[in-house]
Amino acid sequence: MFNLESFGIKLNTDFIGRNFIYFEEIDSTNTYLLNQENKINISGTVVLAEFQTKGRGRMDRVWKSDSAQNLTFSILFVKNKSLLESLNFLNFSAALAVASSIENLYQLKPELKWPNDILINRKKTCGILIETVTTKNEIEKVVVGIGINVNQSQFTGEYNYPPTSIRIQLGKEVERERLLAEILNNFEHYINKLKTNKDNIINEWKMRCKMMGEKISVRLSNEIKYGIFDDIDENGFLLLRTKNGIEKITAGDLMAN
Ligand code: BTN
């Protein structure tokens, strides 16, 4: 069971996680925060579930996570125009917060995979799903959903990318409460940085992305593109070097080669 008290002691933020909602079971923490009928409007609200019956991943995939072993949670952002307009940066900040927390706490070397997966030894340990509520063409809410394989020791069935967990990589169980608090602390730190220096976020993201310069394949909605991962542009889009020149990829899936 997730211990709210030991989490609370380690939380060091001004707003992220100060409103905290806990479920033993729910369909999806993202779906919960996106549902306007729940009337949750406090920026920084975190919803954590021990088990999701309909956990969702990017590209309409499912997110599978054993009960009470891992971290599946979502964070809400409202009424912050500049933040809501730079979704790619919010994405990158979330990925950096998770990666730096794993590195600081367990001395592992997480790698980032565009747009926002976190790998350890080239296997996936965390995925991020950002979704929005829009009215009259304006973004009203953003929900950042994060799923981290923490203490799960076995993965069965089909996965889109080879999975792993922190426990498998570290060889011992870790304290989820401490990890979550560290991630939220770091996330707030990166969001504050975002206000003044977006370039720093991109540069730090690039430093943690080992696939740059490598041959990659990118799955788009109706085709697969092959090329060299050239760079990330100033908006966070992937620049792919192909035989036709540099192509900008705004959304897609890098595949395991
Ligand atoms: C991906 O890699 O495809 C993204 C996975 C995101 C999973 C998290 S778990 C918490 C939140 N609730 C969901 O239904 N999905 C996200």
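This is a predicted model: local features need pLDDT of at least 70, side-chain atom pairs count only at pLDDT 80 or more; totals for chains, interfaces and linings use all residues.
**Reading a strand pair and a ligand site**

Q: Which residue does V218 stand opposite in β9?
A: Look across the pair. V218 stands opposite K225.

Q: What is the strand order of the open sheet of five strands?
A: Read a sheet from one side to the other. Here the order is β11-β10-β9-β8-β12, with antiparallel pairing. The edge strands, β11 (245–249) and β12 (253–254), each pair on one side only.

Q: Which of the 20 residues around the ligand come nearest?
A: S28, Q52, R56, R58 and K124 do.

Q: How do the residues of the shell divide into nonpolar, polar and charged?
A: Sort them by class. Five are nonpolar, eleven are polar and four are charged.

Q: Which polar side-chain atom lies 2.6 Å from an oxygen atom of the ligand?
A: Polar contacts are N or O pairs within 3.5 Å. A polar side-chain atom of K124 lies at that 2.6 Å distance. R58 uses a polar backbone atom, 2.6 Å from a ligand oxygen atom. T29 places a polar side-chain atom 3.1 Å from a ligand nitrogen atom. The protein covers 99% of the 410 Å² of accessible area that the ligand has on its own.

Methods: Residues are numbered from 1 along each chain as its sequence is written. Side-chain values use heavy atoms; hydrogens and water are left out. A residue is near a molecule or strand if one of its heavy atoms lies within 4 Å of it. A polar contact is a pair of N or O atoms within 3.5 Å; within protein, one must be able to donate a hydrogen and the other to accept it, and residues adjacent in sequence count only if both atoms are side-chain atoms. Accessible areas come from the Shrake-Rupley method with a 1.4 Å probe; for residues, only the protein chains shown count as cover. Ala, Val, Leu, Ile, Met, Phe, Trp, Tyr, Cys and Pro count as nonpolar, Asp, Glu, Lys and Arg as charged, and the others, Gly among them, as polar. Two strands pair if DSSP finds at least two bridges between them. Helices (H or I, at least four residues) and strands (E, at least two) are DSSP runs, numbered from the N terminus.
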